[in-house]
Amino acid sequence: MEIRKRKNADGDGDGGATVNSGDDRIPSSASSKSSRATRSTRRIFLLCLAFRVVNALLIQTYFNPDEHWQSLEVAHRTVFGYGYLTWEWKRGIRSYLHPMLFAFLYKVLHLTGLDTPYVMSKAPRLMQSVFSAFGDLYLYKLSDALYGENVATWSLFCQLANWFMFFCMNRTFSNCLETVLTIMGIYYWPCIRDPSKDYPVNRKWGLVIAALACAIRPTSAIIWLYVGTLELFLTPSKVKFVVLEVIPVGSLVLGFTCLLDRLMYGSWVIVPLNFLKFNFLSSGGDYYGTHPWHWYFSQGFLVMLFTFTPLSIAGIIKSKDKKLSALVLWVLTVYSLLGHKEFRFVLPVLPIALIFSGYALAQIEASVSSLSSITTKKQVSRKKHIVKWSPKLILSVLFLLVTNVPMALYMSLFHQRGTEDAMNYLSEEAYKGRVKSILFLMPCHSTPYYSTLHSNIPMLFLDCTPSEEKGKLDESDRFMMDPLGIVSELAGNWSEPPSHIVMFASEERKLRDFIIQHSFREVKRFFHAHFKVDRDLQSSVVVYSNNIEG
């Protein structure tokens with residue numbers, strides 16, 4: 001007979017034991033425990049799903065062009081036959097696997113006649129909210145498996161309360177799905193677990209999920225290189241792991257994605273190889289700006305964690321979990337070697353850092369025991385265990401909510417919302433037949449495109465494809481330096497002027513004479529931002545039209 005107990009974060013057994021005897025019968029207590037766990041998992045998932053759906057509907061701002069241009073735009077072109085493919089797709093450094101998820105969504109909307117402007121703008125983030133809810137569930141399950149139910153509850157709180165997770169996780173970046181797959185995959189890897197715990201693991205599932213994460217975003221290999229090496233070091237069956245699991249699973253997933261890309265590109269394209277060449281061997285990403293090597297440690301990741309930072313550090317120290325803490329450090333260090341840095345690149349390890357925050361909160365939580373004894377002729381003394389929140393825990397929770405909730409709502413509802421509002425407005429107008437063509441006089445990819453407009457009309461934006469000639473300015477940069485010169489050049493090639501022009505207020509002042517000369521009038525102005533990000537203050541987005549009906 002083997003009896004194994006799962007410990008909580010504080011090291012105390014939970015009082016439950018699994019008894020394995022010689023027969024195959026499952027004890028009724030074990031069966032009922034499994035049933036309760038299933039019901040609990042279902043409730044947690046539904047709670048997370050409801051939260052993420054509301055979260056998705058509250059996101060009304062623009063964060064980064066890739067949310068639209070590297071997923072939704074490609075999916076829209078695949079299903080509806082029109083949409084813009086950026087230069088990355090012409091060089092074969094993107095896989096179609098991620099956009100195909102949204103292509104499926106668009107196809108369903110098209111077949112059911114639900115592809116209205118409103119639904120087209122909301123459905124992709126609602127779809128992502130389902131993926132995000134699975135990520136939340138597996139964060140809970142992973143925390144529970146590692147540290148116990150109490151830590152799992154606090155970790156889920158941290159995940160849902162963190163401002164950056166609220167702001168970013170329901171967007172249609174490949175990084176967001178990569179984050180979900182990372183948490184799900186780590187849950188199934190034995191090397192991450194404490195071998196004394198009795199939670200089931202399935203390494204093959206972990207391998208499949210890891211391979212899918214790498215297929216969707218090749219840089220995910222940075223995470224799985226660490227996990228795979230750790231597993232290889234700890235597993236007693238090293239040859240079996242490599243020959244019978246890693247190679248077959250990796251080959252199947254790579255083969256599937258290569259076939260999909262062959263179908264979509266029209267020729268054989270090895271996306272991971274092209275991605276590696278461009279981003280790592282040639283530093284092609286540096287074209288979009290660079291940061292100092294320490295940026296993730298001194299600014300980037302700290303901004304994402306925000307006020308959870310002290311708790312995460314405390315959790316790392318108190319948990320003494322070197323495996324997970326080393327994974328976070330490994331990822332931040334490797335990404336620090338690259339010149340081009342963005343917040344979303346290290347998004348997959350943010351939930352892991354938040355697990356450590358949950359661990360710290362669980363440690364702060366206080367239990368006050370009061371003993372009451374009632375002695376009668378037929379009674380013995382009884383103990384009552386009363387759980388209370390200490391003032392320190394209450395202040396910690398309030399501090400986290402007060403600092404993160406306003407930040408999450410401001411960034412999701414207000415900061416840089418003008419470009420999305422403008423495109424939603426133009427989508428409605430185009431649906432009514434009031435828009436004939438659009439010219440965007442703003443930095444390239446500042447707005448969503450056909451995936452939001454959802455009307456096959458001519459549109460033109462300022463190009464920013466990286467030049468083969470080093471130091472050569474693209475059209476977008478030239479416009480920022482000399483707006484009137486570039487617009488005059490464009491106007492000289494018009495067979496007829498566009499019906500609508502979209503621009504930021506910062507450029508409007510420089511082009512006022514041109515606007516008046518070509519009989520454009522303001523039809524709509526949308527608030528965009530209270531402060532500048534990386535350019536002049538783009539306080540509002542202005543839509544001009546020379547269409548009398550527009």
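I began with glutamate 231, which sits in helix H10, residues 221–234. I am working from a predicted model.

Next I looked for a polar partner. The side chain of glutamate 231 makes a polar contact of 2.7 Å with the side chain of arginine 203. I then listed the residues that glutamate 231 touches, leaving out those up to four places away in sequence. They are Trp189, Pro190, Cys191, Arg203 and Phe241.

I moved on to helix H5, residues 117–147. I counted 31 residues in H5. From first C-alpha to last, H5 spans 46 Å, close to the expected 45 Å. I found a kink of about 35° at alanine 123, shortly before proline 124. Of the 31 residues in H5, 23 are buried, so the rest of the structure largely encloses this helix. After H5 comes glycine 148, with a positive phi near 105°.

Last, I traced an open sheet of five strands. I wrote down the order E6-E5-E7-E9-E8, with mixed pairing. Which strands stand at the edges? They are E6 (459–461) and E8 (521–527). Each has a single partner strand, so one side of each lacks a neighbour in the sheet. On average, neighbouring strands here are turned by 15° against each other, direction ignored.

Within this sheet I looked at E7 (residues 500–504) and E9 (residues 540–545). They pair in the antiparallel sense over five bridges. I found methionine 503 opposite valine 542 in E9.

Notes:
Residues are numbered from 1 along each chain as its sequence is written. This is a predicted model: local features need pLDDT of at least 70, side-chain atom pairs count only at pLDDT 80 or more; totals for chains, interfaces and linings use all residues. Side-chain values use heavy atoms; hydrogens and water are left out. Helices (H or I, at least four residues) and strands (E, at least two) are DSSP runs, numbered from the N terminus. A polar contact is a pair of N or O atoms within 3.5 Å; within protein, one must be able to donate a hydrogen and the other to accept it, and residues adjacent in sequence count only if both atoms are side-chain atoms. Contact means heavy atoms within 4.5 Å. The expected span of a helix is 1.5 Å times one less than its number of residues. The bend at a residue is the angle between axes fitted to the seven residues ending there and the seven starting there. Buried means under 20% relative accessible area, exposed over 50%, partly exposed in between (1.4 Å probe, protein chains only). Two strands pair if DSSP finds at least two bridges between them. Axes are lines fitted to C-alpha atoms, for helices over the stretch in contact, and angles run from 0 to 180 degrees between N-to-C directions.
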